[in-house]
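This report walks through one protein model, part by part. Please look at the sequence and the structure before reading on.

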Amino acid sequence: MPWKQEGETVTLTMPVADWELMLVMLGWASTLSRNNQRTFWRCIALVNRINIGNPDFTPYEIPEEYR
């Protein structure tokens, strides 16, 4: 999987199957962290950020206190 860093930006090129698996894994991580609301919402915020520009994704609404 090609990985490149330029300053504070990382570009990771991956097959769609790996992308889908990564999203499932983030979903599992967020579910496991439900008892810790801050960690849960950080996982959800990460999902939102990595899907910026994805026309098939609807961002999750993050409560103000966890932004």
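## Asn48 and its surroundings

Leaving out residues up to four places away in sequence, Asn48 touches Phe57, Pro59, Tyr60 and Ile62. One further detail concerns Tyr60: the side chain of Asn48 reaches the backbone nitrogen of Tyr60 at 2.8 Å. The model is a predicted one.

Asn48 belongs to helix α2. Is Asn48 buried or exposed? Its relative accessibility is 13%, so Asn48 counts as buried, the limit for that class being under 20%.

## The protein as a whole

The protein contains two helices and two strands. Their order along the sequence is β-β-α-α. Along the principal axes, the C-alpha trace spans about 35 × 25 × 20 Å.

The protein has 67 residues, of which 21% are buried. Where contacts join residues at least 6 apart in sequence, 23% of them link residues at least 24 apart.

## Helix α2

Helix α2 covers residues 37–50. How far apart are its end C-alpha atoms? They are 20 Å apart, which agrees with the 20 Å that 14 residues should span at 1.5 Å a residue. At the N-terminal end, α2 is capped by Asn36, which has a side-chain oxygen 3.2 Å from the backbone nitrogen of Arg38.

The buried residues of α2 are Phe40, Trp41, Cys43, Ile44, Ala45, Val47 and Asn48. Helix α1, residues 16–32, is included in what covers them.

## The nonpolar core

Which residues make up the largest nonpolar core? Five residues do: Phe40, Trp41, Ile44, Ala45 and Ile62. As a general background, nonpolar side chains in soluble globular proteins tend to be buried together.

Phe40 has a relative accessible area of 7% and is therefore buried. Apart from residues up to four places away in sequence, Phe40 touches Ser30, Ser33 and Arg34.

## Aromatic pairs

How many aromatic pairs does the structure hold? There are three. One of them joins Phe40 and Trp41 in an edge-to-face arrangement, with 4.8 Å from centre to centre and 80 degrees between the planes. Trp41 has a relative accessibility of 15%, so Trp41 counts as buried.

Another pair is formed by Trp41 and Tyr66, whose ring centres are 6.4 Å apart. The planes of Trp41 and Tyr66 lie at 25 degrees, so this pair is stacked, since planes under 30 degrees apart count that way. Trp41 lies in helix α2 and Tyr66 in the segment after α2, so the pair ties together parts that are 25 residues apart in sequence. Tyr66 itself is partly exposed, because its relative accessible area is 23%. Phe40, Trp41 and Tyr66 together form one aromatic cluster.

## The segment after α2

Asn51 is placed in the segment after α2. Its relative accessible area is 3%, so Asn51 is buried.

What does Asn51 touch, not counting residues up to four places away in sequence? The partners are Trp19, Leu23 and Phe57. Phe57 is also one of the residues that Asn48 touches.

Thr11 lies in strand β2, which runs over residues 9–12. With 40% relative accessibility, Thr11 counts as partly exposed. When neighbours within four places in sequence are set aside, Thr11 is in contact with Pro2, Trp3 and Lys4.

Thr13 is in the loop between β2 and α1. At 47% relative accessibility, Thr13 counts as partly exposed. Thr13 touches Met1 and Pro2, not counting residues up to four places away in sequence. The C-alpha atoms of Thr13 and Trp3 are 6.6 Å apart in space, while ten residues separate the two in sequence.

Definitions and conventions. Residues numbered from 1 in each chain as written. Predicted model: local features only at pLDDT ≥ 70, side-chain atom pairs only at ≥ 80, totals over all residues. Heavy atoms only, no water. Core = buried A, V, L, I, M, F, W, Y, C linked by side-chain atoms within 4.5 Å. Buried < 20%, exposed > 50% of the residue type's maximum accessible area, 1.4 Å probe, protein only. Contact = heavy atoms within 4.5 Å. Helix = DSSP H or I, 4+ residues; strand = E, 2+ residues; numbered from the N terminus. Expected span 1.5 Å × (residues − 1). Polar contact = N/O pair within 3.5 Å; in protein donor to acceptor, adjacent residues only side chain to side chain. Phe/Tyr/Trp six-rings, centres within 6.5 Å; stacked < 30°, edge-to-face > 60°.
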